[in-house]
2 protein chains.
Amino acid sequence: MNKPRHSRFDCAPGCAVEAAIGLIDGKWKSIILFHLLPGTLRFNEIRRAVTGCSPRMMTKQLRELEVDGLISRKVYAQVPPKVEYTLSPLGRSMEPILLALKTWGDANLSRYGKPRVVDPRVPD
Amino acid sequence: MNKPRHSRFDCAPGCAVEAAIGLIDGKWKSIILFHLLPGTLRFNEIRRAVTGCSPRMMTKQLRELEVDGLISRKVYAQVPPKVEYTLSPLGRSMEPILLALKTWGDANLSRYGKPRVVDPRVPD
DNA sequence: CCGTATCCCATCAGATACTG
DNA sequence: CAGTATCTGATGGGATACGG
């Protein structure tokens, strides 16, 4: 995001964490990246993969990912238009993160059925 | 978040990724969790670790993390008040994610100085 | 097919001030 | 110390319609 929720770098040192998450923060970014792991996809293919994302949002997220250097965009000058999105080397370098996310999600979804299950509060 | 930016589960199967990131999405959550990795912290200790977060936001983020079962909150009935936040087992299970985030951020911050350096667009 | 433009409202998140 | 209350501007994000 040009203006993510994260202030990106006004955090104290050690917030490489914040820098990293700042890039995949955004409603659909992580899922987009995840779906791009297997390979190049076209605009509407991504939309189909990421259920419930409007074209407007899709464009926005893709643009931000592009500006951040995580994906590259290739336009074919033809009719009908064809645009392909591919993980850049930088984007691909996030694979471990994406995989960690997926691993965690899988483990939890399968173990608990769904998150937000644990009651952390002792009734006092 | 009760109402995170992520719709949490209206995504197609395979979006364990989304579920996972939904939990650490939120302006300061990942950094809070990260700082809790070494051990228990008190409210203001976290605030100090997470530069620039207002008490209001801090409370909000902590509550959400608590509701999501990632941290636990222990209140000491004394004056002055003392409240400790600790990673729950579930929260600690996110350590690989947090570490992946940090690793990536470190690699990029040190390599490029700062992100958003790559120009993915071929001038056509 | 791949977007962009506009309208519109819900939510976010900072500042500030106050309390048990 | 550890929050809560309120106000306010900013942003997000959905719906819809249109354009190359």
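In this predicted model, helix H4 of chain B (residues 55–67) contains 13 residues and spans 18 Å from its first C-alpha to its last, close to the 18 Å expected at 1.5 Å a residue. Helices here are DSSP runs of type H or I with at least four residues, and strands are E runs of at least two, numbered from the N terminus; the expected span is 1.5 Å times one less than the number of residues. Residues are numbered from 1 along each chain as its sequence is written, and chains are lettered from A in the order in which they are written. Local features need pLDDT of at least 70, side-chain atom pairs count only at pLDDT 80 or more, and side-chain values use heavy atoms, without hydrogens and water.

The buried residues of H4(B) include Met58(B), Leu62(B), Glu64(B) and Glu66(B), where buried means under 20% relative accessible area, exposed over 50%, and partly exposed in between (1.4 Å probe, protein chains only). After H4(B) comes Gly69(B), with a positive phi near 80°.

Glu64(B) forms a salt bridge (a side-chain nitrogen of Lys or Arg within 4 Å of a carboxyl oxygen of Asp or Glu) with Lys29(B), their closest N and O atoms lying 3.0 Å apart. Lys29(B) belongs to helix H2 and Glu64(B) to helix H4 of chain B, so this pair ties together parts 35 residues apart in sequence. Both partners are buried. Glu66(B) pairs with Arg63(B) in a salt bridge at 3.9 Å, N to O. Glu66(B) is buried at 2% relative accessibility, whereas Arg63(B) is partly exposed at 31%.
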